[in-house]
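Here are some notes for a colleague who has the coordinates open. They are meant to be read alongside the view.

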Amino acid sequence: MDNTILIGKYVRQFMIENRELTDLVPAEKIFPLLANADTTFPFIVYSRDSLLPTYTKDYLTNNTASITIIVVSDEYVESLEIANAVRHALEGYRYKDSTIDIHPIRLQSLTEETMDDAYIQRMQFTLQCT
C-alpha cells in the first residue's frame, strides 16, 4: 500500500530528530501549513506542494512529492543558519520502514524574501517514494 500522502509526517519527524536544527528551532515551533498566531521568531512552516504518481500500464511504480520548507526569523543571519540546518537534516536523507520507502530527498531551490519585519528562506525539496 502506498503511503506517500503521509509524507508531511515523515518530513517533520526527520527535522525534529536533527539536533543541529532543533538547537536553533525547537520542535514545537515547526508547523504544518500554518504557524500558530502567537508564535515568536524563529519558526518553520512546511507543506506538501504536490504529489505526482507514476504509473505503468499495470500499476503505480512510485510517487514524486514536492515539499516546501519556510524558515522565518527576525534576524537575517539566523534565517540562513536555520535554512542551512534544514538542508543538513533533509538533503540526501533516505528512509524505509514497512509502510514507506523514501528515496534521497533533494533540494531543488532556495529563495529568500522579506515580509514586514521577517526574513524568509523558502526551500523546495523533492523526493520519490515507492
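This is a predicted model: local features need pLDDT of at least 70, side-chain atom pairs count only at pLDDT 80 or more; totals for chains, interfaces and linings use all residues.

1. The structure holds 6 aromatic pairs. One of them joins Tyr10 and Tyr95, whose rings lie 5.5 Å centre to centre with 45° between the planes, a tilted arrangement. Because Tyr10 sits in helix 1 (residues 7-16) and Tyr95 in strand 4 (residues 95-96), this pair ties together parts that are 85 residues apart in sequence. Tyr10 is buried, with a relative accessible area of 3%.

2. Phe14 and Tyr93 form another tilted pair, with ring centres 4.3 Å apart and planes at 35°. Phe14 belongs to helix 1 and Tyr93 to the loop between helix 3 (76-90) and strand 4, so this pair ties together parts that are 79 residues apart in sequence. Tyr10, Phe14, Tyr93 and Tyr95 form one aromatic cluster.

3. Which side chain does that of Gln121 meet in a polar contact of 3.1 Å? The partner is Glu112. Gln121 lies in strand 7 (residues 118-129) and counts as buried at 2% relative accessibility. Once its neighbours within four places in sequence are set aside, the residues in contact with Gln121 include Ile69, Ile70, Val71, Tyr76, Leu80 and Ala83, together with Leu110, Thr111 and Glu112 itself.

4. The backbone geometry deserves a separate look, since most residues other than glycine have a negative phi, and most peptide bonds are trans. The peptide bond between Phe41 and Pro42 is cis, with omega about -15°, and Pro42 is found in the loop between strand 1 (30-32) and strand 2 (43-55).

5. Leu33, which lies in the loop between strand 1 and strand 2, has a positive phi near 65° although it is a residue other than glycine; at 68% relative accessibility, Leu33 counts as exposed. Asp116, placed in the loop between strand 6 (106-115) and strand 7, is not a glycine either and has a positive phi of about 55°. Asp116 is exposed, with a relative accessible area of 76%.

Notes. Residues are numbered from 1 along each chain as its sequence is written. Side-chain values use heavy atoms; hydrogens and water are left out. Helices (H or I, at least four residues) and strands (E, at least two) are DSSP runs, numbered from the N terminus. Buried means under 20% relative accessible area, exposed over 50%, partly exposed in between (1.4 Å probe, protein chains only). A polar contact is a pair of N or O atoms within 3.5 Å; within protein, one must be able to donate a hydrogen and the other to accept it, and residues adjacent in sequence count only if both atoms are side-chain atoms. Contact means heavy atoms within 4.5 Å. Rings of Phe, Tyr and Trp (its six-membered ring) pair if their centres lie within 6.5 Å; planes under 30 degrees apart count as stacked, over 60 as edge-to-face and the rest as tilted.
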